[in-house]
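I opened my notebook and went through one structure, item by item. Here is what I looked up.

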Amino acid sequence: MQGHHRKYLLQTFGCQMNVHDSEIIAGILEKEGYVPARDPEEADLILFNTCCVRENPERKVYGRVGDLKRLKEKKPDLIIGICGCMVQQEGELEKIKEQLPHVDLVFGTHNIHRLPELLHQVEAGIKHAYEVWDEEREERDGLVEGLPVKREGDLKAWVTIMYGCDNFCSYCIVPYVRGRERSRPFEEIIAEVTELGREGYKEVTLLGQNVNAYGKGLPEKVDFADLLAALDRIPGIERIRYTTSHPRDFSSKLIKTIAASRKVCEHFHLPLQAGSDKILRKMNRGYTSRRYLDLVAEIREHVPGSSITTDLIVGFPGETEEDFQATLDMIRKVEFDSAFTFIYSPRRGTAAARMPDQVPEDEKRDRIYRLIEVQNEISLRKNEALKGRVVEVLVEGESETNPALLQGRTRTNKLVLFAGDRDALYGKLVDVRVTEPQTWVLKGELASGGEPV
Ligand code: SAH
Ligand code: SF4
Ligand code: F3S
């Protein structure tokens, strides 16, 4: 069919790394001549970029891909693919072959660049073009270097600074599916962000599972603080964010660098995971609740007005009611601005999955409800303290929930809704007075007549 562009549908699960990987996958597909499809019916290729950090997203993928069997029977030329973290797990390829034999294409987190070749194999009639590597191959010096990228927006961009993770927190699958920790060369990151600034991007978020370990293993002697200090000078970029930082490796030098920088935002996402020292030890987190509180105090001293957010897990093996109370105690002491809360999900091959005293499901559920209730009160109280204050907002466009309003985020990463002229303000930093703080969002109005600042 001449002139017919093949269409792709790409569905992404999981964290920002996966979201950014999907931008690269979309870039590769469009270079191969594919264009986005609006729905599964018109797609020639349906691809799932998967996550396996908990069981839920995995189950969803098996369900959705299973449902596509019927569409594939109607449209035998439809290519169905699965990529991302889930397929990196041991035994997963066999499971896919057995339970989802209609899947044509599988590739792992280390072989994204092999997508064109694998697609050609499928198009040439090879039944199962499946390729998953355990580790990145030596002939490639980076995963993203030289690959096209189709970014989702024109204001905010993701920038990978490290791959993999070596921490082996006992509950976590990420080190098994993303491979060993590797830092991307300093100059390449600087070059990418410089180009983004030139293209008009206002905000970058640096990505890695443990960004404050940046620099280990690089020939040059640089660390994460040095990287932030260098990025702070790049023209055009107004805001620098990063995710995720590990509380164990958050140095005083880093806090001081952030305090002295102009563009690095006053938002600290520091996954606490649990409040009990016994559980933290069993999780292999490498800090105590005391050390965590000291870190929070140091941050608040040097970077006033900063927000602190976290990740929490309930129902880790051996967690008693008393241990859980220690988590509640910590969130009350720290007063997090917000928290992502998770029910512990045993992951195949991780140390915690083999630990005794797994907590019953109903107990885990009960604890997460209680945790969320306490945290929501704290989030609301923190936001209410902002009433009447003026905050700096990067205007991102219409609100997703109410198109009559504009939305944007504060430097502290709080979502703000306010009335204003989209075309005049898109991509600008504006001052907004907070009039109606809520648990998840700050409602406000333009201060100083909406003049961009
Ligand atoms: N590298 C990041 C987090 C990656 S996963 C960090 O260290 O903070 C994101 C969050 O998922 C984790 O912080 C943790 O709270 C949660 N998580 C990871 N494995 C989990 C599991 N097996 N069950 C429940 N939650 C989990
Ligand atoms: Fe998982 Fe821990 Fe690595 Fe984060 S630091 S990705 S929680 S092993
Ligand atoms: Fe999930 Fe992989 Fe991220 S397992 S959380 S998508 S690194």
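I began with Gln273, which sits in the loop between β12 (267-269) and α9 (277-283). Helices (H or I, at least four residues) and strands (E, at least two) are DSSP runs, numbered from the N terminus. Phi of Gln273 is near 75°, a positive value in a residue other than glycine.

I noted the ground rules next. This is a predicted model, where local features need pLDDT of at least 70, side-chain atom pairs count only at pLDDT 80 or more, and totals for chains, interfaces and linings use all residues. Residues are numbered from 1 along each chain as its sequence is written, chains are lettered from A and ligands numbered from 1 in the order in which they are written, and side-chain values use heavy atoms, with hydrogens and water left out.

Then I looked up a peptide bond. Thr243 and Thr244 are joined by a cis peptide bond, with omega about 0°. I found Thr244 in the loop between β11 (239-243) and α8 (252-260).

I stayed with α8 and its partner. Helix α7 (residues 224-231) packs with α8 at an angle of about 10°, and their axes are 9 Å apart. Axes are lines fitted to C-alpha atoms, for helices over the stretch in contact, and angles run from 0 to 180 degrees between N-to-C directions. So α7 is roughly parallel to α8. Phe224, Ala225, Asp226, Leu228 and Ala229 in α7 meet Lys253, Leu254, Thr257 and Ile258 in α8. Contact means heavy atoms within 4.5 Å. By class, this contact of α7 with α8 has six nonpolar, one polar and two charged residues. Ala, Val, Leu, Ile, Met, Phe, Trp, Tyr, Cys and Pro count as nonpolar, Asp, Glu, Lys and Arg as charged, and the others, Gly among them, as polar.

Helix α1 (residues 16-31) and helix α4 (residues 115-123) pack at about 55°, their axes 10 Å apart. They are therefore oblique to each other. Ile25, Ile28 and Leu29 in α1 meet Leu115, Pro116 and Leu119 in α4.

Which residue forms a salt bridge with Glu30? It is Lys150, and the closest N and O atoms are 3.2 Å apart. Glu30 lies in helix α1 and Lys150 in the loop between β6 (129-131) and β7 (156-160), so the pair ties together parts 120 residues apart in sequence. A salt bridge is a side-chain nitrogen of Lys or Arg within 4 Å of a carboxyl oxygen of Asp or Glu. The whole structure has 35 salt bridges.

Technical notes
Angles under 35 degrees count as roughly parallel, over 145 as roughly antiparallel, 65 to 115 as roughly perpendicular and the rest as oblique.
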